[in-house]
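Student: I've got a model open and would like to talk it through. Can you take my questions one by one?

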Amino acid sequence: MSDRSPRNRAPQRRPDKVRQVAYRVIRQVNGEDGYANLALNKALRDQRLGGRDAAFCTELVHGTLRWQGTYDAFLARSVSRPLADLDPELLDLLRLGAHQLLRMRVDSYAAVNEMVTLTRAEVGQSRSGLVNAVLRKISQRNLDQWIATVAPKPDEDRLGYLAIAKAHPRWVIEAFADALGARDSAAGTPAPERAAPDLDPGAPDHLTDSIEREVEDLLDADNEPPKVTLVARPGLSDIDELIEAGASRARWSPYAAVLQGGGDPGRIQAVATGRAGVQDEGSQLVATALATAPLDGKDARWLDLCAGPGGKSALLAAIANQGEAVLTAVEPLKHRAELVRSNLRAIPGEHQVLVGDGTKPTWPSGWYDRVLADVPCTGLGALRRRPEARWRRTPEDVAELRPLQEALLASAITSVRPGGVVAYVTCSPHPGETREVVDAVLASRPDAVLEDARALFPGVPSLGDGPDVQLWPHLHGTDAMYLALIRRS
């Protein structure tokens, strides 16, 4: 019998399980518009990956998605045809391999061989040769060398250089620079003249040195995986209980604790029972600001106008229980309304969840005392925890969301009583989603006044000159949450 008989062939090597799980999560995110955190958490549970395997898989997924645009620039120099001509499955394999070679402590030989084996299993033997050849090209330079090869020279096109070196689309960097520049201008520093809507290739001439350094700090903070932050819902849990479970006190929020060493927060009894939850400290701060804003007269009815998935609703409901207030949470999508109900289950009181359109109130004008309008936005303030968003979003998304944001804010003002307060909140620092929306709505609402919100963030530094508040990952260690506090007059 010939040695080429299938019986005498060596069995084909199986792909590494952790890399295979990571690849399939990346495909779900890029191919099916999935969310990395949700897809990854489900995969880790389903495949029973824990400890070092879970940590390795998490870095493979989040790191590959976070640096995807940069890796594409490198791969474009290493593949003989346009990347658009590659099958998406093959491109994701190359991205996953590039991440191991350039930003992880994985031996080059092992990384290439493992990816070739994974390629055979996932897309077939015929594609493995291309993956082998391309990844070997990638391995010939380190990350800094690739950046120097591909990126524009920093003294000629600073923002173009940062787009490659810091893995952010140029338009996002421009928006961050605009927001930081506006803050410096409010603080008394002359605002640099800016081209609109895009900065030209001579962008360094338009940026002060201080803003340029701060933009880099912000981009670096965006590229650091966030810590797991917990919220102790008042009246149900407290910081001491979370500390006993292995967390440590956070910096700003009176309800926040950081889970040291990561891990599954669901193992903590308070989280498992809903007495505590997972919530970024910035989200806690803006919800607490609304709940603690001074108010004359009755304080019995609170409204969360765009509630899903319900983290802020749960904190507000728990705080409301400390007085005599009741929360109504409104969410237009049924499945997200169910998430809100799930978040509220552990919280006593007559709080209710309504499925409805916040721009078309079914309640009387002036019915509520406090209103949260945490409006849909691009999510550019949460790029640390949603790495795929930076490549998925476009400048057109900002313009498309603007009418909805303005309509929700206008509805919130109509819904609050005279003397009551509205918190306009976005998880984005983009000026087109923050102060520009507020200014546009208030220009047609003489019955509403923008108030200074900084006093509602006790102990939190670097809040600027107000009256609104913008939190930043590089300054506060939070998502880039924005708050404008508006009182109906």
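Predicted model: local features only at pLDDT ≥ 70, side-chain atom pairs only at ≥ 80, totals over all residues.

Student: Which label does UniProt give C427?

Tutor: The label comes from an unreviewed UniProt entry, and annotations of this kind may be inferred rather than shown by experiment. In that record, C427 is listed as "active site".

Student: What does C427 touch, if residues up to four places away in sequence aren't counted?

Tutor: One set of partners is C377, G379, L380, G381 and A382, among others. The list also includes D479, A480 and M481.

Student: Is A175 buried or exposed?

Tutor: A175 lies in helix 10, which covers residues 170–186. Its relative accessibility is 4%. Because buried means under 20%, A175 counts as buried.

Student: Which residues is A175 in contact with, leaving aside neighbours within four places in sequence?

Tutor: A453 is 278 residues from A175 in sequence and 23 Å away in space, C-alpha to C-alpha. The contacts of A175 are with H430 and P431.

## Salt bridges

Student: How many salt bridges does the count come to?

Tutor: As background, side chains of opposite charge can pair when their charged atoms come close. Here the cut-off is 4 Å from a Lys or Arg nitrogen to an Asp or Glu carboxyl oxygen. By that rule the count comes to 34.

Student: Why can K42 and D46 be described as about one helical turn apart?

Tutor: Their side chains meet in a salt bridge at 2.6 Å, N to O. K42 is partly exposed at 46% relative accessible area, and D46 is partly exposed at 45%. Both belong to helix 2, residues 36–46, and because they are four residues apart there, the separation is about one helical turn.

Student: How many residues apart in sequence are the parts that D280 and R384 tie together?

Tutor: D280 and R384 form a salt bridge at 3.1 Å, N to O. D280 is in the loop between strand 4 and helix 14, while R384 is in the loop between strand 8 and helix 17, so the pair ties together parts that are 104 residues apart in sequence.

Student: Are D280 and R384 buried or exposed?

Tutor: D280 has a relative accessible area of 8%, and R384 has 7%. With the cut-off at under 20%, D280 is buried and R384 is buried.

## A helix pair

Student: How are helix 18 and helix 19 oriented to each other?

Tutor: Their axes come within 10 Å and cross at roughly 55°. The crossing is right-handed. The angle is therefore in the range called oblique.

Student: Which residues of helix 19 meet helix 18?

Tutor: On the helix 18 side, the residues are R402, Q405, E406, L409, A410 and I413. Facing them from helix 19 are E436, V437, V438, A440, V441 and L442.

Technical notes: Residues numbered from 1 in each chain as written. Heavy atoms only, no water. Helix = DSSP H or I, 4+ residues; strand = E, 2+ residues; numbered from the N terminus. Buried < 20%, exposed > 50% of the residue type's maximum accessible area, 1.4 Å probe, protein only. Contact = heavy atoms within 4.5 Å. Axes fitted to C-alpha atoms, helices over the stretch in contact; angles between N-to-C directions. Parallel < 35°, antiparallel > 145°, perpendicular 65-115°, else oblique. Left-handed = near helix turned anticlockwise from the far one by under 90°.
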